[in-house]
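This report describes the fold of one protein chain, from overall figures to the packing of individual elements.

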Amino acid sequence: MAARRQYEELAQQLSAIGAVKRGLGRILPHECPAGSAAVLTLLDRHGEMRMSRLAELMAIDMSVTSRHVAHVAEHGWIDRALDPADKRSRILRLTPAGRDMLADLSERYMNALAHYLADWSDDEVDQLNTLLGRLRASFGDCRAVTSVPAGPGAVTTPDAPDAPDASAVPAAATPERTTRTPV
């Protein structure tokens, strides 16, 4: 087991990841902010779905999800069709224009990562991918309310922020996706 000082260093490094995420966020086109990118990425990764499922996957409130969905629909990147099983609901699905936007986002992410990690070896990038995947797996489904031991008691915190997080990274930029060639 790692020493306390190692966990403290890890906590500091993870806090600093915000700067990396903000840097990647700056490469997004003005018309496709992080929330929109998250909607497109999740629909690509999971297929068509109801808005309630999308809100669950994004780990944000339904009203926030609705705003993101309205934005991508206005740009023609998704289609909102009536759900044949429940006429009160809509099924969200990517349009060809949405797939084109995802391809653009993926290209932007790949170029940015290639630029910032140009001095990394292939083995180092593979090692980072492996360790980040392992870290993510260790936390499991972070969208749920979790109890984290904190000394003699436990702290219960919802891990669902009010804005999209890592899910904003296009699917092609994540290790799970293998349909596109990574940089």
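Of the 183 residues in the protein chain, 30% are buried (under 20% relative accessible area with a 1.4 Å probe, protein chains only). The accessible surface, by the Shrake-Rupley method with a 1.4 Å probe, comes to about 11800 Å², and carbon and sulfur atoms contribute 55% of it.

This is a predicted model, in which local features need pLDDT of at least 70 and side-chain atom pairs count only at pLDDT 80 or more, whereas totals for chains, interfaces and linings use all residues. Residues are numbered from 1 along each chain as its sequence is written, and side-chain values use heavy atoms, without hydrogens and water.

The protein chain has 6 helices and 5 strands, taken as DSSP runs (helices H or I, at least four residues; strands E, at least two) numbered from the N terminus. An open antiparallel sheet holds 3 strands in the order S1-S3-S2, where pairing requires at least two DSSP bridges. Strands S1 and S2 each have a single partner strand, so one side of each lacks a neighbour in the sheet. S1 and S3 pair over 2 bridges, and Arg 50 stands opposite Ile 91 in S3.

Helix H4 packs on this sheet and touches S2 and S3, contact meaning heavy atoms within 4.5 Å. Angles run from 0 to 180 degrees between N-to-C directions, with axes fitted to C-alpha atoms, for helices over the stretch in contact.

| Pair | Angle |
|---|---|
| H4 and S2 | about 115° |
| H2 and H4 | about 80° |

The axes of H2 and H4 lie 9 Å apart. The contact involves Gly 35, Ser 36, Val 39 and Leu 40 of H2 with His 68, His 71 and Val 72 of H4.

Conventions
Buried < 20%, exposed > 50% of the residue type's maximum accessible area, 1.4 Å probe, protein only.
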